[in-house]
Amino acid sequence: MTDTMTKEQRSRCMSRIKSRNTTPEIAVRQIVHRLGYRFRLKPQKLPGSPDIVLTRHRAVVFVHGCFWHRHRNCRLVSMPKSRKAFWRKKFAANTERDGRALRQLRKLGWRALVIWECQITDSVRLCRRIQGFLQG
Ligand SMILES: [Zn+2]
């Protein structure tokens, strides 16, 4: 990916995400904010209730927990040992709902970016991705 960040944006991205108590949602918000974008938090009823809505860019960002949303091939995803049938059904419903939300958003003319919980730690890379998405 071409590096289209300004010097200032890059240095802002370099500054590490604070505190390990920071939730993935807050970490992503910090990055979007540092990049200079203004956004709203769930201001309107959109399919899947995206975590961040950039109305002017007609773009939304989801921050998904790997376990609940079943990130493929992710080390954070495991299957509970008991009540397997129950969990399988529940997880299938989650991923089905996620897919449906993305399709509906696309139909309504919104672009969507999905960021997984496990991708939060590499803030520079995440910054680039978010920047690329919002410019795209
Ligand atoms: Zn993951």
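Strand β2 (residues 59-64) is largely enclosed by the rest of the structure, because 6 of its 6 residues are buried. Here, buried means under 20% relative accessible area, exposed means over 50%, and partly exposed lies in between, with a 1.4 Å probe and protein chains only. The model is predicted: local features need pLDDT of at least 70, side-chain atom pairs count only at pLDDT 80 or more, and totals for chains, interfaces and linings use all residues. Residues are numbered from 1 along each chain as its sequence is written, and side-chain values use heavy atoms, with hydrogens and water left out.

**Overall organisation**

- The protein chain contains 5 helices and 3 strands, where helices (H or I, at least four residues) and strands (E, at least two) are DSSP runs numbered from the N terminus.
- Along the sequence, these elements follow the pattern α-α-β-β-α-α-β-α.
- Of the 136 residues in the protein chain, 37% are buried.
- Among contacts (heavy atoms within 4.5 Å) with a separation of 6 or more, 54% are between residues 24 or more positions apart.
- The accessible surface of the protein chain is about 9000 Å², and carbon and sulfur atoms account for 51% of this surface; such areas come from the Shrake-Rupley method with a 1.4 Å probe, and for residues only the protein chains shown count as cover.

- Strand β1 (residues 52-54) runs antiparallel to β2 and is joined to it by 3 bridges; two strands pair if DSSP finds at least two bridges between them.
- Within this pairing, Ile52 has Val61 of β2 as its bridge partner.
- Strand β3 (residues 111-116) pairs with β2 in the parallel sense over 6 bridges, and His64 has Trp116 of β3 as its bridge partner.

**Loops and backbone angles**

- β1 and β2 form a hairpin with 4 residues between them.
- Arg58, in the loop between β1 and β2, has a positive phi of about 45° although it is not a glycine.
- Arg58 is partly exposed, with a relative accessible area of 38%.
- Ser49 is also not a glycine, yet has a positive phi of about 40°; this residue is found in the loop between α2 (24-34) and β1.
- Ser49 is partly exposed, with a relative accessible area of 43%.

**Helix α4**

- Helix α4 (residues 84-107) has 24 residues and reaches 35 Å from its first C-alpha to its last, close to the expected 34 Å; the expected span is 1.5 Å times one less than the number of residues.
- The buried residues of α4 are Trp87, Phe91, Asn94, Asp98, Ala101 and Leu105, and their cover includes β2, α3 (66-69) and β3.
- Just after α4, Gly109 takes a positive phi of about 90°.
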